[in-house]
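This report describes the fold and selected local features of the model shown below.

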Amino acid sequence: MMHTGFDFSRLSPRDRYKILIGTVVPRPIAWVTTVDAEGRVNAGPFSFFNCLSADPAIVALGVEVKADGAPKDTGRNIRATGFFTVNIVSDALAEAMNVTAVPFGEGVDEVALAGLATVPGTAISCPRIAQAPAALECRLHSFLEIGSSREIILGEVVHAHIRADAVDERLHVDPTVLDALGRMGGHGYATTRDRFDLPTMTEAAFTAGTPPGRRPHGG
């Protein structure tokens, strides 16, 4: 198998970006709602996102700053209020999510333009998107200063909302009901409908040469 090497010290930031978003796939999408100092709701999708810890419950966002170096509404609002909500994007909400990605001017209600409704937060003063299959209410933990092009924001999850038919009494979340989207490179997206199970082996099973093999998800 042949590989092509790339020295990141010799690549422009844009070229490093293209390599990363084409390689780290699929990426989960954080559809983040915030409020500004005047209480106006902002929504925007970010695919530099993941959960990093369960104790404490920490999620991370990578929010690109504007071309002039000013923070985007999401980062500015989180600094001002200390709160944000991560909404999960289902396949049915892809087009609405895409509307909120339009670089509207300050003060534009992206939620209304996308035909969405919001529900007040339970533990924080930030709403969630009513149509989203799941949402994580977060309190700002910290900002990581790593450079001039992007803000890394850590949030502690203080409350979760999940569709009632998507979670059982054992707190297992059904990915079929969530039907979440992942982000690929460029303008690409991926669904989570094609899945398989591959149990982690014990050392004894590996030594015995009895790998579990793939099996249909849920089978």
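## Strand pairing around β6

Five bridges join β6 to β9, and the two strands run antiparallel. The model is a predicted one. On the other flank, β6 pairs with β2 in the antiparallel sense over four bridges, and here Trp31 stands opposite Asn87 in β6. Five of the six residues of β6 are buried, so the strand is mostly covered; burial here means a relative accessible area under 20%.

Strand β9, which spans residues 134–144, also pairs with β10, residues 150–162. That pairing is antiparallel and extends over 10 bridges. One of the facing positions places Arg139 opposite Glu156 in β10.

## The seven-stranded sheet

These pairings belong to an open sheet of seven strands, arranged in the order β3-β2-β6-β9-β10-β5-β4 with antiparallel pairing. The edge positions are held by β3 (41–46) and β4 (49–54). Each of the two has a single partner strand, and therefore one side of each is left without a neighbour in the sheet. On average, neighbouring strands of the sheet are turned by 35 degrees against each other when direction is ignored.

## Helix α2 on the sheet

Helix α2, formed by residues 73–81, lies across β2, β3, β5, β6, β9 and β10. The helix runs at about 50 degrees to β2, which comprises residues 30–35. The buried residues of α2 are Asp73, Thr74, Gly75, Asn77 and Ile78. Their cover includes β2, β3, β5, β6, β9 and β10.

After the helix comes Gly82, which has a positive phi near 85 degrees.

Thr23 belongs to helix α1 and counts as exposed, with a relative accessibility of 57%.

Val24 lies in the loop between α1 (13–23) and β1 (27–28). With a relative accessible area of 47%, Val24 is partly exposed. Together with Phe6, Phe8 and Leu20, Val24 forms a nonpolar patch on the surface, and the accessible area of these residues together is about 350 Å².

## The loop between β7 and β8

Thr122 is located in the loop between β7 (118–119) and β8 (128–129). At 53% relative accessible area, Thr122 is exposed.

Which residues does Thr122 contact, leaving aside its neighbours within four places in sequence? The contacts are with Glu137, His159 and His161. For Glu137, 15 residues from Thr122 along the chain, the separation between the two C-alpha atoms is 8.0 Å.

## Cis peptide bonds

A cis peptide bond leads from Val25 to Pro26, with omega near -15 degrees. Pro26 is in the loop between α1 and β1.

The peptide bond between Asp55 and Pro56 is also cis, with omega at about 5 degrees. Pro56 occupies the loop between β4 and β5.

## Positive phi outside glycine

Leu171 is not a glycine, yet its phi is positive, at about 65 degrees. The residue is placed in the loop between β10 and α5 (175–178). Is Leu171 buried or exposed? Leu171 is exposed, as its relative accessible area is 67%.

Asp179, likewise not a glycine, has a positive phi of about 50 degrees. This residue lies in the loop between α5 and β11 (181–183). Asp179 is buried, with a relative accessible area of 16%.

Definitions and conventions
Residues numbered from 1 in each chain as written. Predicted model: local features only at pLDDT ≥ 70, side-chain atom pairs only at ≥ 80, totals over all residues. Heavy atoms only, no water. Pairing = 2+ DSSP bridges. Axes fitted to C-alpha atoms, helices over the stretch in contact; angles between N-to-C directions. Contact = heavy atoms within 4.5 Å. Patch = residues over 30% accessible without salt bridge, like charges linked within 9 Å, V, L, I, M, F, W, Y side chains within 5 Å. Areas by Shrake-Rupley, 256 points an atom, 1.4 Å probe, with all protein chains shown as cover. Salt bridge = Lys/Arg side-chain N within 4 Å of Asp/Glu carboxyl O. Buried < 20%, exposed > 50% of the residue type's maximum accessible area, 1.4 Å probe, protein only.
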